[in-house]
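Please read the following report alongside the sequence and the 3D view.

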Amino acid sequence: MSKAAFLAVVLMAVLPVNKSFSQSNVKAVDQVKRKKSLVVYVGGGLADYLAPIKIQPVNLQNNITRISATGTIRIMWHPGYRLNLGIESGYTNFYSYHVKNNGISGKLSLHAIPMLVVWSMPILKRVNIFYGLGSYLLTTGLKYGGVVESKNFSLGSNIAISYTQPVSKKLGIAAEAKWMNAFVTKDNLLSVEVQLVWKFFEFK
């Protein structure tokens, strides 16, 4: 799974600069008349935590949950040019595992809230790439005879590629693959999401 995820990330990084895109496709995207607008993306899906988990009891290797639900909210400003700007947040659980000692069960989990500035641009009709840079609010929670939480920030980024299928003039459904990376703490994951895309404001 890790190798496949790595290949997917490499493809997402290479795709925007790949010279194999035909000039006709690029021109077709450029020639679309765009109006200034605000677009919101809201959705969720599943995420797979890819990084090794260093702090854990040795006998709990098979008790680790790496796949969990994830959610995204993103607001983009489309100025009428190819490059768009926005902000992104959401919620994801990196990993969790259960512990039991002296008859007491507990759970340790690490989840994150991204707070990123995001740039996007179309590379093909209905296909967009996104790059975000900012920080992640990381919360480590331990439920073991009580609840203990610790929070810290990590600088991080994300890279995503999405395909949007319009359902009306202002609404669309998008499928998105995204790599999230809190590079200071070396936490990263790959997610697949379905999102509602809504152009909620358009300048005349």
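## Basis of the model

This is a predicted model, in which local features need pLDDT of at least 70, side-chain atom pairs count only at pLDDT 80 or more, and totals for chains, interfaces and linings use all residues. Residues are numbered from 1 along each chain as its sequence is written, and side-chain values use heavy atoms, with hydrogens and water left out.

## Salt bridges

Side chains of opposite charge can pair when their charged atoms come close. A salt bridge here is a side-chain nitrogen of Lys or Arg within 4 Å of a carboxyl oxygen of Asp or Glu. The structure holds 7 salt bridges. One of them joins the side chains of glutamate 176 and arginine 74, with an N to O distance of 3.0 Å. This pair links distant parts of the chain, as glutamate 176 is in strand 8 and arginine 74 is in strand 3 (residues 67–78), 102 residues apart. Strands are DSSP runs (E, at least two residues), numbered from the N terminus.

Both glutamate 176 and arginine 74 are buried; buried means under 20% relative accessible area, exposed means over 50%, and partly exposed lies in between (1.4 Å probe, protein chains only). Glutamate 176 counts as buried because its relative accessible area is 2%. Glutamate 176 also forms a salt bridge with lysine 178, where the closest N and O atoms are 3.8 Å apart. Lysine 178 is buried too, with a relative accessible area of 1%. Arg74, Glu88, Glu176, Lys178 and Glu193 are linked in a network of salt bridges. Another salt bridge is formed by the side chains of glutamate 149 and lysine 151 (3.9 Å, N to O), and both glutamate 149 and lysine 151 are exposed.

## Positive charge on the surface

Which residues gather in a patch of positive charge on the surface? They are Lys35, Lys169, Lys170 and Lys204. Patches are made of residues with over 30% relative accessible area and no salt bridge, and like charges are joined within 9 Å. Lys and Arg count as positive, and the place of a Lys charge is taken as NZ. Accessible areas come from the Shrake-Rupley method with a 1.4 Å probe.

Lysine 170 lies in the loop between strand 7 (147–166) and strand 8 (171–182). Lysine 170 is partly exposed, as its relative accessible area is 42%.

Serine 96 is placed in strand 4 (residues 84–101). Serine 96 counts as buried because its relative accessibility is 5%. Not counting residues up to four places away in sequence, serine 96 touches Asn63, Ile64, Thr65, Lys107, Leu108 and Ser109; contact means heavy atoms within 4.5 Å.

Leucine 110 belongs to strand 5 (residues 104–124). With 7% relative accessibility, leucine 110 is buried. Leaving aside neighbours within four places in sequence, its contacts include Asn93, Phe94, Tyr95, Leu138 and Asp187. The C-alpha atoms of leucine 110 and serine 150 are separated by 9.7 Å, and the two residues are 40 residues apart along the chain.

## Positive phi in two loops

Arginine 126 is not a glycine, yet has a positive phi of about 75 degrees. Arginine 126 sits in the loop between strand 5 and strand 6 (127–143) and is partly exposed, with a relative accessible area of 34%.

Lysine 186 is not a glycine either, and has a positive phi of about 60 degrees. The loop between strand 8 and strand 9 (187–202) holds lysine 186. Lysine 186 is exposed because its relative accessible area is 57%.

How values were computed: Patches are made of residues with over 30% relative accessible area and no salt bridge: like charges are joined within 9 Å, nonpolar side chains (Val, Leu, Ile, Met, Phe, Trp, Tyr) within 5 Å. Helices (H or I, at least four residues) and strands (E, at least two) are DSSP runs, numbered from the N terminus.
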